[in-house]
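Let's take a friendly walk through ring pairs and charge pairs. Please have your viewer ready.

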Amino acid sequence: MHHANEPGSTAAPNASAAPSAPDIPTAPGGVVYRRAPYGRIILAQCSSAMSMTFYTLITLISYAANVNYGVAMGVAGVILTGARVFDGIVNPAIALVMDRINPRHGKIRLFMCVGWLISALAVLALYTWSAQGGAVLFALVYALYIVGNATTDIACNMAPNIITNDPRQRPMVGVIGTIFAYLVPIVLTLVITLGILPRFGNEYTSSMLATCALAYLPLSFVFLVLSMVGVSKVDTAENYRRVAGSAEPVDVHDMMGLLRGNRPFQMYLLSCVSSKLSQQTMSQAIVSTVVFGILMGSVQFGSIMSAVTSLPALFFAFAAGRLCGRLGSREVSRGAMRVAIVATAAAIGFCLVLNMRDIPRDPVLTTAFFVLMVVISAMRMCMTTADGAMRADVIDYELSRSGKYLPGVVAATYNFIDRLISSLATTIASLAVGLAGYVATAPQPTDAPTPELKVIGLALYFGMPIASWLIGLAAMKRYSLTRERMVEVQRENAGHREQREA
C-alpha cells in the first residue's frame, strides 16, 4: 500500500496523517498534490533522451530509403507519409491495450522495453541494409519501426502525469524533458555532421548511415535503463488505481468522447499539431542540407549554429517552467508565439536581402543571424515547456469531466492526429525540393545554390513555423485551462476520490 507521504499518493486534504513531502498542499483551497524527488524526475525523463536518439536517426530516413533501398526521393516521401498515417492508426490500438491492463509491476516499463526492442531491430534493418531492397521492403521495415516507436512514445508520455500533479512541479518535469529533447539531438547531430559525415566525404552513403545506427542504438538503450529506474517507484498497479480511482475498462468510446467533449484538448491538439508539422518539415535532413549546406555553403555551420543558439535557450526552459507555475501554461505559450513570429519574420527578411553564403564568412552577419536564432530557439523552448504541462493538465481535466483516467488514450489520440497531419512533413519537403529539380536524387551539401532553392529553403525553414504559430495563437485564445481553473480541477478530482473511498 502507498501512504500519504509516498510518491504517487493522492491523499485528500483531510487525511488523518499530516501531509508531508512529497505530497504537500501548494495551492489555495487545501488541495494536496502528488510530488516526486527531482532526482527521480530527471531519471524518468531520460525517456525523452531515448526518443530523441531514435529521432536523430530517423531524420536521415529519406537518405536511407534512397541510398540503402534504391527508392526515389518522391516515392520515399509518399511512403513516409503513408507510414505516418499507419502510425496514427496503430497508436490508438496500443493505447487502449495500455489503459485496459494494469500489471503488478507497472505498465510504463513493460511497454518501454517492448517498444525499444522493436524499434532497435527495425533501425538496424533500415540503416545497415544496403542490398537495394526496394520500396515494398522499405515500407514494411519502416512500419515495424513505427509500431515500436508508438509503443515507447505512449508509455513515455504517461510518466509525467503519474509522477506529479503539483502545478509548480509539473512544468519543471516538462523543463527537464525539454532540455533532453533539445540537447540530445543537438549533440548527436553535431557528432554526425562534424565527426561521422566528413569521414565519408560529406556524402550520405550506406556505410555512413550504418555507422550512425551502430553508434546510437547502444546509447538509446542506456537512456532506456535510466528512465526505467526513474519511474520504478510510481510505476505500480497500486499507484494507477490510486490516481485513477476507478477500475472501469477503457474502450474506443472513451477516445471518441475525448475528441468530442474535451474542448481544451481540441485546442491543445490544434496548436501542437500545427507546430509539429512545421518542426518536422524544417527538421528533415534534406531541408537543413538546402538551407545550410547549399545556400550557406556549410552544413557544419548549420549544426554548430543550431547547437550554439540552443544552449542559451535552455535557460529559458527554467524561466518558462517557473512562469507556467505562476501564470499558467496558456499565457506562457501565447507570449512565446508572439515573440517567435516577430523574430522569424526578421530572419526571413535578413536572408532575403543577403547572399546567404556571406553569413558564415562575415562576423557581423554571423552575429546578427546568431541573435535571431537564439531568440527563436528560446521561444520554442518556452512553448515546448508549456506544451508538456498542458498535456498533463488535459489528462486531469478529462478525469474531472468524464470520471476516467486516460493518460494512454490522451497520448494516443494526440498521436493519431499528430501523425496524420505531420505525416505530410516528409512529403512537403520532398515535393518542395522536387520543384527545384531534385526528383530522383537527394540534395547534397556540395550542390550549387539557385534562386528556386532559396525560396523553397526559406519557406520550409522559416515560413511554415510562422504559419503554425498563428494557428496556435488562435487555438490558445479558446483554451480554458488556466492556472486558476486547474486548481478547481484538482479539487474536484480529490473530492471524487473521497466519495469513492467513503
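Is Tyr461 buried or exposed? Tyr461 has a relative accessibility of 11%, so it counts as buried; that word means under 20% relative accessible area, with exposed over 50% and partly exposed in between (1.4 Å probe, protein chains only).

## About the model

This is a predicted model, in which local features need pLDDT of at least 70 and side-chain atom pairs count only at pLDDT 80 or more, while totals for chains, interfaces and linings use all residues. Residues are numbered from 1 along each chain as its sequence is written, and side-chain values use heavy atoms, with hydrogens and water left out.

## Aromatic pairs

The structure holds ten aromatic pairs. Rings of Phe, Tyr and Trp (its six-membered ring) pair if their centres lie within 6.5 Å; planes under 30 degrees apart count as stacked, over 60 as edge-to-face and the rest as tilted. One of the pairs is Tyr63 with Tyr204: their ring centres are 4.1 Å apart and their planes meet at 15 degrees, so this pair is stacked. Tyr63 belongs to helix H3 (residues 61–68) and Tyr204 to the loop between helix H7 (170–196) and helix H8 (206–231), so the pair ties together parts 141 residues apart in sequence. Helices here are DSSP runs (H or I, at least four residues), numbered from the N terminus. Tyr63 is buried at 0% relative accessible area, and Tyr204 is buried at 6%.

Tyr461 pairs with Phe462: the centres are 5.0 Å apart and the planes stand at 90 degrees, so this pair is edge-to-face. Phe462 is buried too, with a relative accessible area of 3%. Elsewhere, ring pairs link Phe54, Tyr69, Phe138, Tyr142 and Tyr145 into a cluster.

## Salt bridges

Side chains of opposite charge can pair when their charged atoms come close. With a salt bridge taken as a side-chain nitrogen of Lys or Arg within 4 Å of a carboxyl oxygen of Asp or Glu, the count comes to five. Glu398 bridges to Arg401, with the closest N and O atoms 3.0 Å apart. Both lie in helix H15 (residues 363–402), three residues apart, about one turn of the helix. Glu398 is buried at 2% relative accessibility, whereas Arg401 is partly exposed at 35%.

The closest N and O atoms are 3.1 Å apart between Glu331 and Arg330, and 3.6 Å apart between Glu331 and Arg334.

Terms used:
Helix = DSSP H or I, 4+ residues; strand = E, 2+ residues; numbered from the N terminus.
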